[in-house]
Amino acid sequence: MYSDYLIKNKYSIMKKLDQQTIEERLKKLEGWEYRENAIHTSFEFENFKEAFATMTRIAFEAELQQHHPDWTNVYNTLNISLSTHDADGITEKDFKLAHTIETLLGN
C-alpha cells in the first residue's frame with residue numbers, strides 16, 4: 001500500500017546516522033563540520049541585506065522540506081546548524097537541506 005511506502009520512507013529519512021556515516025557525508029560538503037550533535041557551517045556576505053536575502057531563500061526551501069535550521073545572523077554573517085530533533089541527531093534530512101543550501105549559494 002502507498003501509505004506503507006510513505007511511512008517506511010519517512011522512517012528511513014528519520015533514522016539517526018552514525019558518526020562514521022556523518023563524517024563520510026561531510027566530505028561532500030565543504031565548510032561543514034560535525035559537533036554537538038549537529039552539522040554546522042558559516043557564511044559571510046557583503047552586507048546584512050545579502051545575508052538576510054539568503055536566509056529568506058533558505059527559509060522557503062526549508063519549508064518545502066519541512067525541516068528547519070537553527071541559525072543566527074549578525075550583520076553579514078550567517079551561522080547554520082542542522083540536526084533532526086525527532087531523531088536526536090543527524091539524519092538524511094539534514095544532509096538534504098545542507099546540499100540544498102549549498103546549491104542555493106552556488107557552491
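Buried means under 20% relative accessible area, exposed means over 50%, and partly exposed is what falls in between, as found with a 1.4 Å probe and protein chains only. By that rule R35, at 38% relative accessibility, counts as partly exposed.

This is a predicted model, in which local features need pLDDT of at least 70 and side-chain atom pairs count only at pLDDT 80 or more, while totals for chains, interfaces and linings use all residues. Residues are numbered from 1 along each chain as its sequence is written, and side-chain values use heavy atoms, with hydrogens and water left out.

**The whole chain**

Begin with a cartoon view, where you can find four helices and four strands; helices (H or I, at least four residues) and strands (E, at least two) are DSSP runs, numbered from the N terminus. Followed along the sequence, these elements come in the pattern α-α-β-β-α-β-β-α. Of the 107 residues in the chain, 36% are buried. If you switch to a surface view, the chain exposes about 7200 Å², of which carbon and sulfur atoms supply 52%; accessible areas come from the Shrake-Rupley method with a 1.4 Å probe, and for residues only the protein chains shown count as cover. Contact means heavy atoms within 4.5 Å, and among contacts between residues at least 6 apart in sequence, 64% join residues at least 24 apart.

**Three salt bridges**

Next, show the charged side chains, since the structure holds three salt bridges, each being a side-chain nitrogen of Lys or Arg within 4 Å of a carboxyl oxygen of Asp or Glu.

Select E92 and R25, whose side chains meet in a salt bridge at 2.3 Å, N to O. E92 lies in helix α4 and R25 in helix α2 (residues 19–26), so this pair ties together parts that are 67 residues apart in sequence. E92 is partly exposed at 29% relative accessibility, and R25 is partly exposed with a relative accessible area of 29%.

Now move to E24 and K27, which form a salt bridge of 3.2 Å, N to O. Here E24 is partly exposed at 47%, whereas K27, at 64%, counts as exposed.

For another salt bridge select E33 and R35, whose side chains meet at 2.6 Å, N to O. E33 is partly exposed, with a relative accessible area of 40%, and R35 lies in strand β1.

**Two loops with positive phi**

Go on to N37, in the loop between β1 (33–35) and β2 (38–44). N37 has a positive phi of about 60° although it is not a glycine, and its relative accessibility of 29% makes it partly exposed.

The loop between β3 (70–74) and β4 (77–82) holds Y75, another residue other than glycine with a positive phi, in this case near 50°. Select F48, F52 and V74 along with Y75, and you see a nonpolar patch on the surface with about 430 Å² of accessible area together. Patches are made of residues with over 30% relative accessible area and no salt bridge, with like charges joined within 9 Å and nonpolar side chains (Val, Leu, Ile, Met, Phe, Trp, Tyr) within 5 Å.

A polar atom of the N76 side chain lies 2.8 Å from the backbone oxygen of F45. The N76 side chain also makes a polar contact of 3.5 Å with the side chain of T77; a polar contact is a pair of N or O atoms within 3.5 Å, where within protein one must be able to donate a hydrogen and the other to accept it, and residues adjacent in sequence count only if both atoms are side-chain atoms.

Select N79 in strand β4, where its side chain and that of S42 are joined by a polar contact of 2.5 Å. N79 and F43 are 36 residues apart in sequence and 6.6 Å apart in space, C-alpha to C-alpha.

Finish at D94, in helix α4 (residues 92–104). D94 is buried yet has no salt bridge, and the nearest side chain of opposite charge, K93, is 7.9 Å away; for charge, Lys and Arg count as positive and Asp and Glu as negative, while His and the chain ends are not counted. A polar atom of the D94 side chain does lie 2.8 Å from the backbone nitrogen of T91.
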